[in-house]
Amino acid sequence: MEKQEYTITLYTENSIGMIGRISGIFSRRKINIESLNTSPSEVEGIHRFTILITESEEVVRKLCRQIEKQVEVLKAYYNTDQELIWQEQALYKVPTDVIAEKAPVERLLREYGASAVVIRNDYTVFETAGHREEIDKLTAELTKYGLIEFVRGARIAIIKDSAGFHSKLKQFEREEPAPEIVENEFLDQGGNVFTM
């Protein structure tokens with residue numbers, strides 16, 4: 001099968017060591033994680049992992065099944081770029097004098113929707129968001145004008161045809177409600193129950 005980019009979305013409990021266990025599954029299978037983002041989700045106490053990899057669909061399907069076997073993982077989804085709305089964020093540090101003296105740089109930054117975050121005498125930091133190709137093009141252009149520093153954030157994504165994890169969790173609770181809590185009838189009798 002042909003390899004392509006897949007975005008894996010995981011919903012997990014927020015527990016210590018979760019990133020290590022998840023990345024260990026990828027490492028054992030010798031799969032490179034190209035981008036990893038973690039954040040709180042729309043459900044309180046549940047975290048969302050967004051992981052970008054390049055693999056075949058069969059491998060990704062098996063990987064998601066294996067990840068779901070982790071106790072704290074509630075659900076794993078995988079999607080192609082066409083099934084998602086996604087963005088990456090980038091920061092660029094450029095010499096301030098280049099921006100002030102060269103109109104093409106200012107036009108270029110406007111064309112890519114970049115906005116100033118910090119302006120100092122020696123440098124200016126811009127931020128922009130978009131697809132990787134757009135960020136790469138802007139990086140290549142700014143390199144011609146003395147780009148000092150560049151950093152790209154991890155991919156963030158939302159599944160187009162999804163009602164969200166919160167609605168699926170509510171549906172699950174309706175279909176499989178938790179059993180009623182039954183109080184132990186002997187709890188308040190203390191020493192009378194187990195005497196010898």
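Trainee: In this predicted model, between which helix and which strand does the loop that holds Leu147 lie?

Mentor: The model is predicted, as you say, and its chain comes to 6 helices and 9 strands. Leu147 belongs to a loop, and the elements on either side of that loop are helix H5 (132-143) and strand E8 (149-152).

Trainee: How far apart in space are Leu147 and Lys93, C-alpha to C-alpha?

Mentor: Leaving aside neighbours within four places in sequence, Leu147 is in contact with Tyr92, Lys93, Val94, Thr139 and Leu142, and Lys93 is therefore one of its contacts under the cut-off of heavy atoms within 4.5 Å. In sequence Leu147 and Lys93 are 54 residues apart, while in space their C-alpha atoms are separated by 6.2 Å.

Trainee: How are H4 and H5 directed relative to each other?

Mentor: The axes of helix H4 (residues 103-111) and H5 come within 11 Å and cross at roughly 170°. Angles over 145 degrees count as roughly antiparallel, and H4 and H5 are therefore roughly antiparallel.

Trainee: In what order do the 4 strands of the open sheet stand?

Mentor: E2 and E4 stand at the edges, each with a single partner strand, so one side of each has no neighbour in the sheet. One of the pairings is that of E2 with E3, which run antiparallel and are joined by 6 bridges, and in it Thr38 has Phe49 of E3 as its bridge partner. With antiparallel pairing, the order of the sheet is E2-E3-E1-E4.

Trainee: What angle does the direction of H1 make with that of E3?

Mentor: The sheet of 4 strands has the order E2-E3-E1-E4, and its twist averages 15° from one strand to the next. H1 packs on this sheet, where it touches E1, E2, E3 and E4, and its direction makes an angle with that of E3 of about 20°.

Trainee: Which residues touch the most other members of the largest nonpolar core?

Mentor: In soluble globular proteins, nonpolar side chains tend to be buried together. Ile8 has contacts, beyond its neighbours within four places in sequence, that include Phe26, Phe49, Ile51, Ile53 and Val60. The largest core has 17 residues, and those that touch the most other members are Ile8, Ile22, Phe26 and Ile53.

Trainee: Which elements give two or more residues to this core?

Mentor: Ile8, Ile22, Phe26 and Ile53 are members of this core of 17 residues. The elements that give it two or more residues are strand E1 (4-13), H1, strand E3 (46-55), helix H2 (57-68) and strand E4 (73-79).

Trainee: Is Lys30 buried or exposed?

Mentor: Lys30 lies in the loop between helix H1 (18-28) and strand E2 (35-40), and its phi is near 55°, a positive value in a residue other than glycine. Most residues other than glycine have a negative phi. The relative accessibility of Lys30 is 73%, and since the cut-off is over 50%, Lys30 counts as exposed.

Trainee: How many residues lie between E6 and E7 in their hairpin?

Mentor: Strand E6 (residues 115-119) and strand E7 (residues 123-130) run antiparallel and are joined by 4 bridges. In this pairing, Val118 has Val125 of E7 as its bridge partner. E6 and E7 form a hairpin, and the number of residues between them is 3.

Conventions. Residues are numbered from 1 along each chain as its sequence is written. This is a predicted model: local features need pLDDT of at least 70, side-chain atom pairs count only at pLDDT 80 or more; totals for chains, interfaces and linings use all residues. Side-chain values use heavy atoms; hydrogens and water are left out. Buried means under 20% relative accessible area, exposed over 50%, partly exposed in between (1.4 Å probe, protein chains only). Two strands pair if DSSP finds at least two bridges between them. A nonpolar core is a set of buried Ala, Val, Leu, Ile, Met, Phe, Trp, Tyr and Cys residues joined through side-chain atoms within 4.5 Å. Axes are lines fitted to C-alpha atoms, for helices over the stretch in contact, and angles run from 0 to 180 degrees between N-to-C directions. Angles under 35 degrees count as roughly parallel, over 145 as roughly antiparallel, 65 to 115 as roughly perpendicular and the rest as oblique.
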